[in-house]
Amino acid sequence: MKKVPIISAEQAAQMIPDGATIASSGFVASCMPEALTKAVENRFFETGSPKDITLIYAAAQGNRDGSGADRFAHEGLIKRVIGGHYNMAPKIGELVLGGKIEGYNFPQGAISQLFRDIAGKRLGTLTHVGMGTFVDPRVEGGKLNEITKEDLVEIVNVLGEERLLYKAMPIDFALIRGTYADETGNITVEKEVSSTDVTAIAQATKNSGGKVVVQVETVVAAGTLDPKLVKIPNILVDAIVITQDPKDHEQCRTCEWDGSMSGQYHVPLEVDEGNITPLDAKKIIARRSALELEEGTVVDLGIGAPEFVATVANEEGIGDYMTMVVEAGAVGGIPQGGPKFGGSVNPDAIWDQNDIFDFFDGGGLDLAYLGLAEADSHGNINVSKFGPRLAGCGGFINITQNAKKVFFCGTFTAGGLKTECKDGKLIITQEGKNIKFLKDVEQITFSGDYANKVGQPVLYITERAVFQLKDDGLHLIEVAPGIDIQTQILDLMEFEPIIDGEPKLMDERIFREELMGLK
C-alpha cells in the first residue's frame, strides 16, 4: 500500500492556493491543528500568500490568545469567514464587525452537519434549526455586516413545511488534527477530548476534490493501530505533519494532558457534601434551577450561571439524577470549563459533533440550562452579539430550540451586582449597572415566538425573579423573599411583564446557607 507523505507544516502551508476555502477542526482550546494554522499565518507574513481565503469551522476555535481561528485574522489573508462561534477568536470577530471581511454566523450543529452533507454531495443541510432567529433569512440570514451579501441560507418548502437550507459549498483544503498516524496514513484521535468533525471534514474535502492535511503527535508502524479507533482512513489523507513543538499539540491549550478526559481511564470523583460553595447570586440562580431537575434526565449545562447547577446538584447529593452532555460530543461525566470546555472528565462516550447534534435536533435533550444575557417581552434571548463584541451562537440555537424544557439562567442586572442573604431573604447590596430585560434584544439567538409555536416550556430564572414564557408574552411568576417588585424588578425593566395576581414567593430554602434537602 502506498504511504501517505510526511511533510513539514511549512510545506503544508505552501500547498494552499490563493482564494481557497479551508475547513479546520477544533473546539474552543482543544483539538486545534495549531502547527498547521500557525504555518499558514507565518507564510502570509513572509510572502503575502495565501490570500483571499474563505474559512469555515463549526465550533469556537481559540483561547483568546491569537491561536485557532485568529491565526487567519489578517486583512488580505482572509476574505470570508463562516463560523459557529467567535468569542474565543476575538480578532477575527473584530475584522467582521469592522467590515474588513465578510462574515456569517450559523448554528454550530448546522455547520457540523453541513460537512457531512457536503461529503454526500447533497445540496446542503435541511433543518428547522435557526428558524425565527437571526439566522433566518427573513431576519438577518446569519450575515454579520453590510459587505456580506451572498445568501448562504434560504427558506424552502418541503412537503408543505418550511425549513432552512444551509447551502453546500466545495472545500479545497482541510487542516485537521489527530493523535497518531500509521505509516500508510490512517489516523486516530484517542488522546483528544473530542473527535469533533474530523471524519466528515476529511470526506467533504476529498469529495470536493480538495486536499486533506492532518497534524499528528507521532507516526507509528503500519498495522499497529486498532482499526476501530481510526477516524480518518488513509484514503482521505493527502499528507501528514508531525508536530514539532509540544505546545502546538496540547490536549487543551495551556493544559497538561488528562487521560480521564479522552477515555484512557476514569478518576475517582469524591463529593464533599460538607464543602458548600458561598451563597452568591449565581448559586441562588442555580438552586432555583436545580428545583427543576428530574431523575433520569439528559441535561445540557451552558457556561456561566448554568454551570453552578451541577455544583448545587452534587452538594445536594443528586448529581446522579442526570446525565450531562456537551455539544463537542461527550456523553456523561463531568463537563469542564475554561480552556477545557468541550471535554468532560470520565465520559461514558464521545460522539462526533454531527452525531450529538442529530440527537439534540431530534429532541433528545430533556432539560437545557443556558445563559441569559439579554431578554425581551417576546421571550427572545440574545447571547450572540453585543454592540462591538461578537460572541456568536455556537450550539445555543440547536440546544435551546429543541430541548424538551429550557431554562435561561442569569442575574437580573449586570455590571457590579452584589447580593447577600439574611433570614431566608435576598438583599441587593449593590445593583448592577446594566439592564438585561430590554424592549428588544439586539439579536435574536432564541425566538420566543418559535418556542410558543412548537409548545416548548421556557423559564427565565434570575436571583430575584422567575419569568415564564406564555403565548401572550413574559409572565412574572415568582419573586424572591425580601425583594420589592416595583423598585427592584419592574423599574429595572424596559417593558412591563404580565402579572397574574400576586407572584409566588421563591422557595425560602434557596436563600439559606444550609442544604435545601433536595435528595
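Tutor: V158 counts as partly exposed, with a relative accessibility of 36%. Buried means under 20% relative accessible area and exposed over 50%, with partly exposed in between (1.4 Å probe, protein chains only). This is a predicted model, in which local features need pLDDT of at least 70 and side-chain atom pairs count only at pLDDT 80 or more, while totals for chains, interfaces and linings use all residues. Residues are numbered from 1 along each chain as its sequence is written, and side-chain values use heavy atoms, leaving out hydrogens and water.

Student: Where is V158 found?

Tutor: V158 belongs to strand β7, residues 153-158. Strands (E, at least two residues) are DSSP runs, numbered from the N terminus.

Student: Which residue stands opposite V158?

Tutor: Two strands pair if DSSP finds at least two bridges between them. Here β7 and β8 run antiparallel and are joined by six bridges, with V158 opposite E161 in β8. The two strands form a hairpin with two residues between them, and L159 in the turn has a positive phi of about 55 degrees. Strand β8 (residues 161-167) also pairs with β6 (residues 124-127), in the antiparallel sense over four bridges; T127 stands opposite L164 there.

Student: Which residues form a nonpolar patch on the surface?

Tutor: L126, V158 and L159 do, with about 320 Å² of accessible area together. Patch residues have over 30% relative accessible area and no salt bridge; nonpolar side chains (Val, Leu, Ile, Met, Phe, Trp, Tyr) are joined within 5 Å, and like charges within 9 Å. Areas come from the Shrake-Rupley method with a 1.4 Å probe; for residues, only the protein chains shown count as cover.

Student: How many salt bridges does the structure hold?

Tutor: Side chains of opposite charge can pair when their charged atoms come close. A salt bridge is a side-chain nitrogen of Lys or Arg within 4 Å of a carboxyl oxygen of Asp or Glu. The structure holds 30 of these salt bridges. One of them joins K167 to E154, with the closest N and O atoms 3.2 Å apart. K167 lies in strand β8 and E154 in strand β7, so this pair ties together parts that are 13 residues apart in sequence.

Student: Is R464, which forms a salt bridge with E431, buried or exposed?

Tutor: R464 is buried, with a relative accessible area of 0%, whereas E431 is partly exposed at 26%. Their closest N and O atoms are 2.9 Å apart.
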